[in-house]
Amino acid sequence: MEKIIKPWSGYLILFLDPIMIPLTVYSFLNGIPVLGVVSVLVFILLIPGFFIVEPNKAMVLLLFGDYKGTVKANGFFWVNPFMTKKKISLRVRNFENKPLKVNDKIGNPVMIGTIVVWQVEDTFKATFDVEDYENFVHLQSDAAVRKMAGLYPYDNFEDEDAEVTLRSGVEEVNHSLEKEISERLHHAGIKVIEARISHLAYASEIASAMLQRQQATAIVAARQKIVEGAVGMVEMALDDLKVKDIIEFDEEKKATMVSNLMVVLCSDKSANPVLNVGTLNQ
């Protein structure tokens, strides 16, 4: 478990360290070599104990393999020179994963790219619970993307009952991704600030077929609306002609008129009128 400590000020020891120099000179000049040697050794040993902690950085301290604590305060410090010091950044970092080929809920191959914003929260876990916490973040993020993709279909063309899809449920999908990554990185003392999808597309081998399917679906939906509108217009035309008693149609003429109006209204091209210069029955 992380333990925050506050070591001695480095300025105090820095002031005491130069005292060893005149003491060493005095010892050798006055025939006290033992004191001189001790002074030299103390002077040399004090130097490795100095270190600086910059803003949003931390220093993990170990003494002969035993974790002694973490220094998160900024400044110039001194500790036991035999301590091993390891610097860790506490700054917010982010990385963008290249699009990864995964399978959605239905099994369609899709390409998903993600952006993850994270920072070290527990220096003890980040240092000792995983081998390389930066590589751990990347690998676990990929694993989280694979799991999350399997929970949702890309769209609801094949799964009409799906309320949330990768394409339409952006907020919920991103929340699910962030939660999954957070749970995986908690063991490494990593805090996930944000995780979201930056790229989403069908894999290249099915992209063309899926595009055609989407276009066909759109065309069918548009045609359905056109037909519904055309039927309403034909019905309205026949009702107006009947109410205003402009012309009487028998069933055969009515069927012919309905057919002609539906062709004109539903056609995707402009109608070319044919003028009838004969009688109405021709």
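The largest nonpolar core of this predicted model has 35 residues, of which Trp118, Val120, Tyr133, Ile181 and Ile190 touch the most other members. A nonpolar core is here a set of buried Ala, Val, Leu, Ile, Met, Phe, Trp, Tyr and Cys residues joined through side-chain atoms within 4.5 Å. Buried means under 20% relative accessible area, exposed over 50%, and partly exposed in between, with a 1.4 Å probe and protein chains only. Two or more residues each come from strand 3, strand 7 (93-103), strand 8 (109-120), helix 5 (133-149), helix 6 (170-185) and strand 9 (190-202). Helix 5 gives the most to this core, six residues. Helices (H or I, at least four residues) and strands (E, at least two) are DSSP runs, numbered from the N terminus.

One of the core members, Ile190, touches Trp118, Gln119, Val120, Tyr133, Val137 and Leu185, when residues up to four places away in sequence are not counted; contact means heavy atoms within 4.5 Å. In soluble globular proteins, nonpolar side chains tend to be buried together.

Numbering runs from 1 along each chain as its sequence is written, and side-chain values use heavy atoms, without hydrogens or water. Because the model is predicted, local features need pLDDT of at least 70 and side-chain atom pairs count only at pLDDT 80 or more, whereas totals for chains, interfaces and linings use all residues.

Three strands form an open sheet in the order 4-3-6, with antiparallel pairing; two strands pair if DSSP finds at least two bridges between them. Strand 4 (66-71) and strand 6 (83-89) stand at the edges with a single partner strand each, so one side of each has no neighbour in the sheet. Strand 3 (residues 57-63) pairs with strand 6 over seven bridges, in the antiparallel sense. Ala58 has Ile88 in strand 6 as its bridge partner.

The loop between strand 6 and strand 7 holds Arg91. With 40% relative accessibility, Arg91 counts as partly exposed. Leaving aside neighbours within four places in sequence, Arg91 is in contact with Glu54, Pro55, Asn56, Lys57, Trp118 and Gln119. From Arg91 to Glu121 the C-alpha to C-alpha distance is 9.8 Å, although 30 residues separate them in sequence.

For the protein chain as a whole, there are eight helices and nine strands. Buried residues make up 34% of its 282 residues. Among contacts with a separation of 6 or more, 67% join residues 24 or more positions apart.
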